[in-house]
Amino acid sequence: MATVEFDSIGRVAEAGDNVAVAIRDLPAGVSVRLDGICFEIDYTVLEGHRFAIRPIAADQPLLSWGLPFGYATRDIRPGAYLCNESILAALSARDIDIALPSAPNFTDRIASYALDEARFQPAPASPLVEQARTFQGYKRAGGRGAGTRNVIVLLGVTSRTGSFVRKLAERLQDLPADHANIDAVAPVAHTEGATPHPHNRALLLRTLAGFMVHPNVGAVLAVDDDGGAIDNRVLEAYMRDHGYPLDGVRHRFFSLAGGFQASLDRAEELVRAWTDAVAGERRSAQPVSQLKIALQCGGSDAFSGISGNPLASWVAREIIRNGGAANLAETDELIGAEPYMLQAVRDLETARAFLATVERFKAWAARHGTSAEGNPSGVNKLRGLYNITLKSIGAARKRHPDVRLDSVIDYGAPMHDPGFYFMDSPGNDLESIAGQVASGCNLIAFVTGNGSITNFPFAPTIKIVTTSERYKRLAADMDVNAGAYLDGAPMDELGAETFELALTIASGRLSVGEMAGHAQVQIWRDWQVDGIDAERSEDRTRIERIERKEPDLQSLDLLADELRAMPFPLDEPATRVGLIVPTSLCSGQIAQIAARRLTQAGVGREQGIERFVALVHTEGCGASDMATELSRETLISYLRHPSAARALLLEHGCEKTHNDDFRNHMLAMGMNPDAYGWVSIQADGGIEGALDKTEAWFAGALASLPAPAAQNRDLWSRRVGVCSIGEPPDAVGRALAVLAAAIVGGGGAVVTPEDDGLLTQEVGLLPKARLLHYGEFSEQPGFQLMDAPTEHWVERLTGLAATGVDAVIVYADGEPVQGHPLVPVLQVATTEALGSGWAEDVDLILAHPSEGWPSEVARLLHATLAGTYTPVNAREGNVDFQITRGRLGISL
């Protein structure tokens, strides 16, 4: 092969490094000339992967940016493809047709960083510019600063009101359309606060408080209900006790009462009353000192630390030099980068605080049976980030060398002063961003190597992609091409252009993400137990304990036989839907858009497709392996659900659970991956490309689907979930037990969570129950107990529906609960237990005498499965979906 010049195929992160990054695929055998010396590439080196440019002796460090990210296991010559064990495993799991080395040539070894306090020297602050710049922003009262947007926020205080604020936002979308100065009506729905005694209570309160007084908020409605660990009273008291300027923002604390629809009517009236005042806000010249920029990265690659992160740091430096602030987060993504982060620090106390935060995060992860060093995803590795050290060293480049570290703060804590902040958070992009916005960031610089498309609902996101090739592929979804630096453009020139763009977007120009019209919020998720020891003390073998339960069913036999004698034929075909399964949190919103478009277009209607459903969730990336395994297994179960006539998997492209990961696991389970559709947002040309491919696949797949055929079945052969909220009265437990026994006796199946209140009834169910893991699909008849490692209602429901049940019956104690997007959920309640005003939101009110309750519930179930009745929560849109992380799953 001809010899190529190094500058045409590689980049060195910093002078003095002994390794380089390939800027394109390098075939094996190519000769490279560097500094007058030629060497040969031994194996094909993928774009973004590293190769040696100097001889490296065994046990010597491999250096990027002058810092070690690994140590040679043998002598390495120039031109050698650098591989550790992790990267070889990651590439082997991919459909990549290249020869790989048979063994790694370096190993990971993270040296513990020790601060030399005796030699520590405080760094001076960056000098301020002589002529401070301005942007067009919204000046806020009460010391809230200046907003880059003017948004009405509908804040779900806990996950229990998430579906409510979403439906309320749908009613109010005419406001931004009709009023130029109302930028959006943004629902903030999240997964937290619904279970008793959450471990993340303090950070959740900080986050909710920060959202309410954020400078981009023109008005906020905080919505709670009767349950949850946090309510409006607690939130308001917290804000006033901690000095949040609540009186400086238009706000109302609103509680659901008197029915879902009635509450929507009342809430809509309250928000519309703000219209003139919010629309009357005007932009005016505001100093750049009022800008606080969040520095984020997602879908990172080997070039993030070379092009994208340095460009973001350039913009942050200019904001700081104008008196503003910048916020860097993602604690576990700075492990190994401590030497760089602490090169310039305000004082010794701040340096100590930074190291203490990193060590605390590492200890927290270890207590939950995982390692903070396990952060890089499969796609991070595919794109050249071999380990957490290499990822961290590049991520730390979001701090410009001219800027010192001024302060270390907790997740969501306010930033009161100018300067450069480090905020404690997990590496999960969305969870980290929520904390940064709660801290006051009114602008987000998001650096992505693979092409992340996520957005926050009330703070504009500037997407900076690291390479020109990715920018060309995803130009409609990206704002800035940092790859121009790799192509030869000076960083100062790119920095100045991007700084001007940032001021323009802060002044009201829509970012590309805002124009795409999708956004999501995820707060640092709760961890159910505080470590392995605590989990063991709570009995981690709960499902084994269930095996020893032997309830007696003899007293139910007669009643069940009588019930089963009632005719409940189901000649109509089963429900048919088209199912879109996002493989991770970052593709969920696009899956939702696809499902809505397909339903509105009537695709598959001739084949009996009722609608399209997207299972939007928050998992698949940014969590420990235990949580990731649970989410993968649960979603695969949904692919097998009998209601899913055809199903498609939609990946973002840079998650842990990417399409290849699902394919490999499905093959191992004996499933045929070719029976499903496969689309990638990042690989298929961005959002519109992915939507087009999704629509085309369903059109083709459904064309060959035979028309639905009538069924000769009855109610007693179906699969039903039965569960309760709270402790059901004995009479309710007995009625549902009779129904369950009738179904099981007729050859059907009943699934219930293993710790459900029904199991504490005097009359039990079946003595021989099959045990299921959370979300495990089952086609077996009989009574089955599902492990339920969560108290969160929606998480329990999500696992229950994944087992393949046709419907779920739930006894609701107090007030109605959220339903499911795919499986009908029927709510029954007694007149005594039902909260005031909620009668219209349950499907069946059980009134005494109780002898007829089993047949009443059976008739309701039959009507639902026959398609003549739609549950109330489905009609109202009061549905939600969320996968549990189990007892030990945590964010990373």
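Modeller: Leaving aside neighbours within four places in sequence, F456 is in contact (heavy atoms within 4.5 Å) with F211, I433, A434, V437, I444, T461, A519, Q520 and V521. This is a predicted model, where local features need pLDDT of at least 70, side-chain atom pairs count only at pLDDT 80 or more, and totals for chains, interfaces and linings use all residues. Numbering runs from 1 along each chain as its sequence is written, and side-chain values use heavy atoms, with hydrogens and water left out.

Biologist: What makes a set of residues a nonpolar core?

Modeller: Its members are buried Ala, Val, Leu, Ile, Met, Phe, Trp, Tyr and Cys residues joined through side-chain atoms within 4.5 Å. The largest one here has 146 residues, and F51, F211 and F456 have the most contacts inside it. A second, separate core of 38 residues includes L635, A647, V817 and L822.

Biologist: Why is helix α12 called largely enclosed?

Modeller: Buried means under 20% relative accessible area (exposed is over 50%, partly exposed in between; 1.4 Å probe, protein chains only). Eight of the eight residues of α12 (388–395) are buried, so the rest of the structure largely encloses this helix. Helices are DSSP runs of H or I, at least four residues, and strands are E runs of at least two, numbered from the N terminus. The buried residues of α12 pack against elements including β6 (50–52), α8 (304–321) and α11 (378–382).

Biologist: How do you know that β2 and β3 pair?

Modeller: Pairing takes at least two DSSP bridges between strands; β2 and β3 (19–22) have two, in the antiparallel sense. R11 stands opposite V21 in β3.
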